[in-house]
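Let's take a walk through a protein together, one stop at a time. Keep the picture open beside you and look for each place as we reach it.

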Amino acid sequence: MFGKFEILISKFETVTFKTIRGTKDILPAETPRWQYVESVLRAVFHRFNYKEIRTPVFEQTSLFARSIGELTDIVGKEMYTFTDRSSESLTLKPEGTASVMRAFIQNNLGEAQPLVKLYYLSPMFRQERPQAGRLRQFHQFGAEAIGSPFPEADAEIIAMTIEIYRQLSLAHCALKINSVGCEKCRPRYKKILQAELRTIAPQLSEESRRRIEQNPMRVLDSKDENDIRLTAAMPLITDHLCEECSSHFGNVKALLTTLHISYTVDGRLVRGLDYYTKTAFELTSDELGSQDALAGGGRYDLLAQELGGKPTPGVGFAAGIERLMMIIEKNTMLNGLDVRPTIFLAAADSSSRSWVIEKTMELRSRGIAAETDFLQRSLKAQMREADRQRAAFVLVIGAEELKRQTAALKNLRVKGEREVSLADLPKILSEESL
Ligand code: HAM
């Protein structure tokens with residue numbers, strides 16, 4: 001008895017459910033813009049001959065720990081990791097490269113062709129402190145060119161990244177590039193840097209102090225003003241590259257110049273993922289706040305081996321869609337995009353309702369965006385609805401029109417009307433919507 005009473009109480013309790021902190025609904029007013037952006041970037045990817053890959057939203061935790069690096073912020077602090085019912089540790093993907101490389105190895109994608117060019121569009125998950133441009137579920141588009149060790153592949157990835165923003169008419173993007181070296185030159189440089197950093201360790205921020213031993217190059221990437229000042233004269237990797245890395249970097253820069261892509265070399269750019277070798281780059285926008293990175297990427301020649309595959313070089317990039325949207329919203333570009341019906345069919349009386357429904361369905365099956373009334377509203381209210389939906393045409397059907405088999409097709413855009421035969425409606429509308 002008591003149990004039943006409890007259930008009753010909880011049934012009448014008012015609860016309100018909200019999105020989890022750092023996640024967002026993308027509402028119908030915004031989705032047309034998202035769809036437009038997605039269509040532009042897909043078109044660019046296809047023009048560059050990249051093919052889409054879709055990987056699962058969660059993977060084994062160790063895949064990310066191995067690829068991104070145990071000591072990175074992403075793996076150490078930000079992953080959404082959980083144990084499933086079979087006690088396996090799983091993680092919602094914080095980025096796409098590890099999953100793409102896992103899929104490349106697992107499915108032997110390299111067997112069929114020497115260079116595999118893949119792109120993706122997917123939600124990603126990182127438990128960061130939410131702020132403008134930083135979410136816990138965000139969306140990335142990205143691409144990976146797997147199989148070429150050559151600078152032409154780096155240049156294509158960078159050129160493709162830039163081309164996407166160009167196609168979206170985004171000006172004011174700045175490209176920063178660096179080379180983070182390889183397994184031959186980086187350890188040597190790290191030692192030199194570490195020794196220098198140790199001499200100023202007590203004055204550095206706690207985070208940077210910790211990084212001196214674990215990941216000294218990240219100290220140069222610190223956002224702390226005092227750290228930036230103190231490390232201003234530190235040796236840079238670009239002055240300690242081995243011959244191979246140095247020549248690769250030189251060739252990437254020369255190719256960017258050939259492709260009329262302007263860039264600045266930023267010897268302090270290291271990025272927050274450990275799999276990079278040689279080229280690293282970031283595209284920033286001064287229209288964003290402190291989270292100003294629109295896109296980032298680079299080369300990862302050791303990742304395939306790290307994940308148990310054959311040694312296979314790769315280079316890629318990824319970009320956040322929400323950050324891109326922040327700029328697009330600011331510029332009020334694309335505000336007019338919407339899903340609108342071509343025609344609204346209004347029933348003048350109850351006897352014509354079923355005809356109107358049937359005709360609406362017929363038009364839809366013939367590829368015409370048609371809408372009608374589902375709330376049994378008055379004719380006046382239906383006309384208001386047609387206006388609100390911003391339909392291009394409205395057709396009013398009553399007993400009289402059905403008898404005549406003709407009706408007045410009102411053009412709501414140019415405010416005119418003409419008598420049309422109901423049988424010809426699909427043909428007329430297909431021609432009109434062209
Ligand atoms: P990433 O720099 O970690 O690189 O992320 C790429 C982009 O994703 C960022 O520039 C930013 O626009 C967006 N982004 C990252 N975190 C958030 C967040 N919390 N909220 C909103 N947007 C965010 C990678 O993920 C690498 N996988 C890129 C890559 C591909 N390198 C080689 N291939």
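The chain is divided into two domains: domain 1 covers 12-185 + 241-330, and domain 2 covers 343-431. These bounds come from an automatic or database domain assignment. If you take the C-alpha centres of domain 1 and domain 2, they lie 48 Å apart.

Before going further, a word on how to read the numbers. This is a predicted model, in which local features need pLDDT of at least 70 and side-chain atom pairs count only at pLDDT 80 or more, while totals for chains, interfaces and linings use all residues. Residues are numbered from 1 along each chain as its sequence is written, and side-chain values use heavy atoms, with hydrogens and water left out.

Now find the ligand. How many residues surround the ligand? There are 28, and the closest are E95, E128, L135, E144 and Y276; a residue counts as near if one of its heavy atoms lies within 4 Å of the molecule. Several polar contacts can be picked out here, a polar contact being a pair of N or O atoms within 3.5 Å (within protein, one must be able to donate a hydrogen and the other to accept it, and residues adjacent in sequence count only if both atoms are side-chain atoms). The side chain of E95 has an N or O atom 2.5 Å from a nitrogen atom of the ligand. E128 also takes part, with a polar side-chain atom 2.7 Å from a ligand nitrogen.

How much of the ligand does the protein bury? Taken alone, the ligand exposes 660 Å², and the protein buries 96% of that. Such accessible areas come from the Shrake-Rupley method with a 1.4 Å probe; for residues, only the protein chains shown count as cover.

Which elements give two or more residues to the shell around the ligand? They are β6 (137-146), β10 (293-299) and β11 (314-320). The largest share, six residues, comes from β10. Names like these follow DSSP runs, numbered from the N terminus: helices are H or I runs of at least four residues, and strands are E runs of at least two. Sorted by class, the shell has 13 nonpolar, eight polar and seven charged residues. Here Ala, Val, Leu, Ile, Met, Phe, Trp, Tyr, Cys and Pro count as nonpolar, Asp, Glu, Lys and Arg as charged, and the others, Gly among them, as polar.

Next, look for aromatic rings. A search of the whole structure finds eight aromatic pairs. Rings of Phe, Tyr and Trp (its six-membered ring) pair if their centres lie within 6.5 Å; planes under 30 degrees apart count as stacked, over 60 as edge-to-face and the rest as tilted. Why is the pair of F45 and F317 called tilted? Their ring centres are 6.3 Å apart and their planes stand at 35°, so the pair is tilted. This pair links distant parts of the chain, since F45 is in helix α2 (residues 31-47) and F317 in strand β11, 272 residues apart. F45 is buried at 0% relative accessible area, and F317 counts as buried at 1%; buried means under 20%, exposed over 50%, and partly exposed in between (1.4 Å probe, protein chains only).

A second tilted pair joins F141 and Y165, with 6.4 Å centre to centre and 45° between the planes. F141 lies in strand β6 and Y165 in helix α7 (residues 151-167), so this pair ties together parts 24 residues apart in sequence. F141 is buried, with a relative accessible area of 0%, and Y165 is buried too, with 1%. Together with Y119, the residues F45, F141, Y165 and F317 form one aromatic cluster.

Let's finish with a few single residues. T360 sits in helix α14 (residues 353-365), and its side chain reaches the backbone oxygen of V356 at 2.7 Å. At 1% relative accessibility, T360 counts as buried.

Most residues other than glycine have a negative phi. S87, however, has a positive phi of about 60° although it is not a glycine. Is S87 buried or exposed? S87 is exposed, with a relative accessible area of 61%, and its place is in the loop between β3 (81-83) and β4 (89-92). R271 has a positive phi of about 70° and is not a glycine either. R271 lies in the loop between β8 (264-265) and β9 (279-285), and at 12% relative accessibility it counts as buried.
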